[in-house]
Amino acid sequence: MGCELLSPAMSKPTTAPLEEAPLGLDAVLAERGFEALTPIQAAVVRRSRPDADLRITSQTGSGKTVAVGLAMAETVEAAPKKGGTASPAALVIAPTRELAAQLGRELSWLYAPFGARVAVVTGGTSITAEFRELRRGAQVLVGTPGRLLDHLRRGSVSLDGTKTLVLDEADELLDMGFEEELDAILVFATARETTHLVSATFTGAALTLASRLQTEPEAIEGTPLGAAHSDIEHRCILAHPSAHLDVIVNLLLRFHGEKTLLFVRTRAETLSLANRLADLGFSAQALSGEMSQRERTAAFGAFRRGTTRALVATDVAARGLDVQDITLVVQVDPPDNAEVLTHRAGRTGRAGRTGRSVMIVAPRARRRVESMLRQAKIRAKFVDAPDRNSILRAADARLAEELAESDPPSERYTELASMMLEGQDAHTLVAHLLERVRHEGPTRPRLIEAPRKADRPKRAGRNARSEGPDERGDDRGRGPQRPPRKGKGDFVAFQVSWGREKGADPRRLLALVCRRGGINREDVGAIRVGPRSSLVEVTRSRAEGFEHAVRKPDRRDKHVRFRRWANKAR
């Protein structure tokens, strides 16, 4: 991980026994299941100067939150315990609500031996409830920039006694445009003695901010790039965009019941994919920044408890997801860079567990993805999507294992079994019961056609540039493109209640059809725009799912309706 630093000091990553944790915190760490300090935690504990400003870089899942807590431990332990206006000894600023909530939970149990109170303030929650919480006093305050500034201006928070300031995900704070709010908060934090920054990298704007806020900082690198993923199995599956849903379905069937996090690019795609999976019988929900805080908290809580087994999220919404038992990450859309790739994959394989990260790659995107994997120092194999046989074998093995580990059946079912076995062949009876329970999953495995060699990217010269659509099927500047029509029966026509008089054009219709129907542009045939309504064609293989999807109400286009075209003649 590249990192430009003011101080040449760099702690080398190594673990450490829990006994090195300050102020007797080894006991609470042991209670939480820690067997040793992770490299980033050990590096913080062994820093050269206890009062040094820290620049912390380490990968997702490496224990950064506890590391920050250990760095602030002496300040928090010495903080006065009093009510009234909240005057925290330590202030932690995070870019998202979810990350702030995670920090609050982790620091609360870590500082429980001190009797320290940790308060969390974020946008999208009741500010009145926060007022009541803050009046009880807080030794540590965690919050998002906008809400923290609100409380400071209202006088419900004072930073006169704040000794330590932490900016978590400093690069993300800047990327999300919070620099103005940070500067306003810093005006109130004149008493701070140490300033710690946690960031994926310290280059560009993050380095400028760090240089402005810190004095003689000590750089601490925990887990080197790639090392945090040693417990993660990385796989890539080549598939055309039109087959992505089929690949996802087969992955969820193959690893049925496992806690799965699926990454997509946009907020609209989270809801679209989650709804389609739910329609197929999977326990799936969406998580995006467009949802209210109550909706996001409910979705996140259901995922943590295991009520929801598949969570579809954007990169921003997934920041702060503190779920230790995610066993599968599916990157439906490839990330934009190696840093995002490591953040996504790092959501699995945490706390010593093994995990899987699967990326679905369009053939045209293969070279870019391979380059990104090299940058992230991740070795990934390109494999076929799970097929029907592998899905059924896995389901059979799961069932056999579950039955072997089950408690003895109740007397009622023992008697029922005896009754059913009278006059019946045992093998036939078991086969009938297995058909009823559908142990392989909620829907049938999909038949997936692997991309042909002719579809895969050709080798080009070193400076050659790829032409045509990218992995999202985007032909920039070329207008809506269509796959060649193979015959009359390949498409199903739909009428759309939106025409030229209301601003419809082929490009806008294409975007609407793909968003509402949850399909890709490759699934769309002809588009004909009429004065008051329009015609669009959808490939026959997608028509049924498309028709089901567009029946659902849509907040953005309430008055646009779809129906099958009864007569193509115009």
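1. Both F546 and F562 are buried, where buried means under 20% relative accessible area, exposed over 50% and partly exposed in between, with a 1.4 Å probe and protein chains only. The relative accessibility of F546 is 0%, so this residue counts as buried. The rings of F546 and F562 have their centres 5.6 Å apart and their planes at 85°, so the pair is edge-to-face; rings of Phe, Tyr and Trp (its six-membered ring) pair if their centres lie within 6.5 Å, and planes under 30 degrees apart count as stacked, over 60 as edge-to-face and the rest as tilted.

2. The model is predicted, with local features needing pLDDT of at least 70 and side-chain atom pairs counting only at pLDDT 80 or more, while totals for chains, interfaces and linings use all residues. Residues are numbered from 1 along each chain as its sequence is written, and side-chain values use heavy atoms, leaving out hydrogens and water.

3. How many aromatic pairs does a search of the whole structure find? The search finds four. In one of them, the ring centres of F494 and F546 are 4.9 Å apart and the planes stand at 65°, so this pair is edge-to-face. F494, at 1% relative accessibility, counts as buried.

4. F494, F546 and F562 form one aromatic cluster.

5. Turning to charges, the charged end of R366 sits over the ring of F382, 4.0 Å from its centre, a term that requires NZ of Lys or CZ of Arg within 6 Å of the ring centre and within 35 degrees of the ring normal. The charged end of R412 likewise sits over the ring of Y413, 4.9 Å from its centre.
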